[in-house]
Amino acid sequence: MTKIANIDLDPTRIPRHVAIIMDGNGRWAKRHGLARMFGHKQGVTTVHQITETAAEIGIEYLTLYAFSTENWNRPKEEVDALMSLLVDTIAKETPTLMKNNVRLQTIGDTDRLPELARQRFEECIAQTADNTGLNLVLALSYSSRWELTHAMREMAHDIQAGQLRQECIDEETISAYLTTRNIPDPDLLIRTSGELRISNFLLWQLAYAELYFTDCLWPDFTKEEFIAALQDYQHRERRFGKTSEQVQ
Ligand code: IPE
Ligand code: IPE
Ligand code: MG
């Protein structure tokens with residue numbers, strides 16, 4: 001096995017797009033006798049580390065589920081604290097994104113974010129727009145059903161306006177109406193914290209992703225844990241409906 005940056009990975013089988021449901025911050029805090037926010041703060045350190053590792057390995061797209069549509073239903077004080085953590089984090093992390101040639105994008109209903117968070121994201125997206133390395137995609141105020149509902153409304157509108165013909169709608173058309181347009185479908189989905197569910201994340205796009213679940217809580221998810229997930233992925237046989245013989 002050849003190595004990438006001294007890591008035991010097959011450079012010919014690096015997933016192009018890794019998506020992560022970063023879960024378990026609250027439980028991590030509880031285990032340490034701390035308030036939930038400390039778990040979220042510690043989770044940001046993991047985001048930093050995993051983003052650097054993904055960039056180092058040469059992954060093209062890393063999508064992180066940071067805040068779901070359903071997360072708006074959490075207690076107001078947690079939502080407010082998460083929003084200010086976002087604002088602080090973007091400002092702090094932008095130099096590292098520049099250093100690592102990372103380009104930031106967001107998906108989701110970002111109009112729902114507080115004005116200051118929206119502004120900070122816009123600045124960071126503009127500043128990193130010409131970077132050519134890893135594409136870091138943050139899913140914020142995102143849920144798949146929100147995205148699909150929004151897409152269907154837009155399609156209906158465009159049909160009515162005569163800009164889209166019903167008989168021309170195919171899978172590519174649908175993909176093009178999603179917020180992930182121009183982003184390839186994930187090859188690997190990782191979820192931390194032992195929960196075995198998708199929680200309204202990229203339902204359309206994950207159709208053929210390999211799934212990897214770990215009991216590790218997000219704040220404890222290290223570079224080594226990430227590499228273990230990638231190594232596991234490299235041993236999967238992706239058949240896309242074909243037989244094993246056909247894909248070998
Ligand atoms: C994930 O950690 C972070 C967000 C959803 C914002 P949680 O906050 O869901 O942590 P648990 O699931 O309560 O442990
Ligand atoms: C999923 O985690 C959303 C994010 C990681 C942002 P949750 O903790 O909100 O998921 P459920 O509610 O347990 O499924
Ligand atoms: Mg959770």
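This is a predicted model: local features need pLDDT of at least 70, side-chain atom pairs count only at pLDDT 80 or more; totals for chains, interfaces and linings use all residues.
1. An N or O atom in the side chain of Arg 197 is 2.7 Å from an oxygen atom of the ligand, and for a polar side-chain atom of Ser 199 the distance is 2.6 Å. Taken alone, ligand 2 exposes 390 Å², of which the protein buries 77%; these areas come from the Shrake-Rupley method with a 1.4 Å probe.

2. The residues around ligand 2 (a heavy atom within 4 Å) include Ile 21, Asp 23, Tyr 65, Arg 74 and Arg 191. Strand β4, residues 61-68, gives the most to this shell, with 4 residues. A strand here is a DSSP run of E, at least two residues, numbered from the N terminus.

3. Is Ser 141 buried or exposed? Ser 141 is buried, with a relative accessible area of 1%; buried means under 20% and exposed over 50%, with a 1.4 Å probe and protein chains only. Ser 141 belongs to strand β6, residues 135-142. Beyond its neighbours within four places in sequence, Ser 141 has contacts (heavy atoms within 4.5 Å) with residues including Phe 67, Trp 72, Asp 109 and Arg 112.

4. On conventions, residues are numbered from 1 along each chain as written, with chains lettered from A and ligands numbered from 1 in written order. Local features need pLDDT of at least 70, side-chain atom pairs count only at pLDDT 80 or more, totals for chains, interfaces and linings use all residues, and side-chain values use heavy atoms, without hydrogens and water.

Terms used:
A polar contact is a pair of N or O atoms within 3.5 Å; within protein, one must be able to donate a hydrogen and the other to accept it, and residues adjacent in sequence count only if both atoms are side-chain atoms.
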